[in-house]
Amino acid sequence: MSTPHNSAVKGEIAETVLMPGDPLRAKFIAENYLDSPVCYNELRGMLGYTGTYKGVRVSVQGSGMGIPSIGVYSWELFNHYDVKNIIRTGTAGAIADNVNLRDIVIAMSASTNSAYAAQYELPGTYAPTASWELLSAAVEASKAHGDAYHVGNVFSSDMFYDDADSLAKWQKMNVLAIEMEAASLYMNAARAGKNALAILTVSDCPLRNEYTTAEERQNTFCSMMEIALETAVKIS
Ligand code: HPA
């Protein structure tokens, strides 16, 4: 059986799924890194593929942009397709002074301005947190890869264009970078008893008006994907 947003039938999606925001990046990964990739979803253009990497069965699925979009796709992967591990691979804007263009940020936790946690009716503030198993494997993979990387708190924002200009305040709290998806992914994983991690490359520094070129984004995207794929192998 499929879901309203994913035409895969159970069994077609691997235990570990890499999730770029852009579905065309999912296609790129499938075509350039996976052996024998098979496309299992084209609904809404949110492409998903399953293949193998170094003999390990891996899927790659676009998530779309924002907390609600990754919230839908990751909920269905965890709760309907029996997926155990989701590794988001996306871009982020630097917030901390020592985080530079093209660096990798591994999101240990995800602060947010989203109301996603309200559904759990918790008597306090929930702290969306990555899975230690994935986090430690990704740190090992990053060390081996040799790129500059940081591990810490990110800010998952509902706004790309933010009238309130709040980044300086998050900077004071030692938040490394801004992105728009990790928080709901981490909450869905926690609620389902599964594992999640976001590995991000810094595409821009909004506080310093610095931006990568399309070519740089492609190259740093490949480093991040290689780290995510090696993480998948380590936990297999
Ligand atoms: N803001 C939000 N999300 C992002 C950014 C940003 O500056 N850069 C990459 N993803």
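Does Ser36 count as exposed or buried? I found that Ser36 counts as exposed, at 64% relative accessibility, where exposed means over 50% relative accessible area and buried under 20%, with a 1.4 Å probe and protein chains only.

I note that this is a predicted model, in which local features need pLDDT of at least 70, side-chain atom pairs count only at pLDDT 80 or more, and totals for chains, interfaces and linings use all residues. Residues are numbered from 1 along each chain as its sequence is written, and side-chain values use heavy atoms, with hydrogens and water left out.

I looked up Ser36 for its positive phi of about 45°, although it is not a glycine. Most residues other than glycine have a negative phi. Ser36 lies in strand S2, residues 35–41 (strands are DSSP runs of E, at least two residues, and helices runs of H or I, at least four, numbered from the N terminus).

Asp165 also has a positive phi, of about 55°; I found Asp165 in the loop between strand S7 (149–156) and helix H4 (167–172), and Asp165 counts as exposed at 68% relative accessibility.

I then turned to the largest pocket, which holds about 880 Å³ of space. Of the 30 residues that line this pocket, the closest to its centre are Thr91, Phe160, Met180, Ser203 and Asp204. A pocket here is an open set of points on a 1 Å grid over the protein atoms alone, where a 1.4 Å probe fits, with protein on both sides within 12 Å along at least five of seven lines, and lining residues have an atom within 4 Å of a point; a volume is the space filled by probe spheres set on the points, which are joined across faces, edges and corners. Strand S5 gives the largest share of the lining of the largest pocket, six residues.
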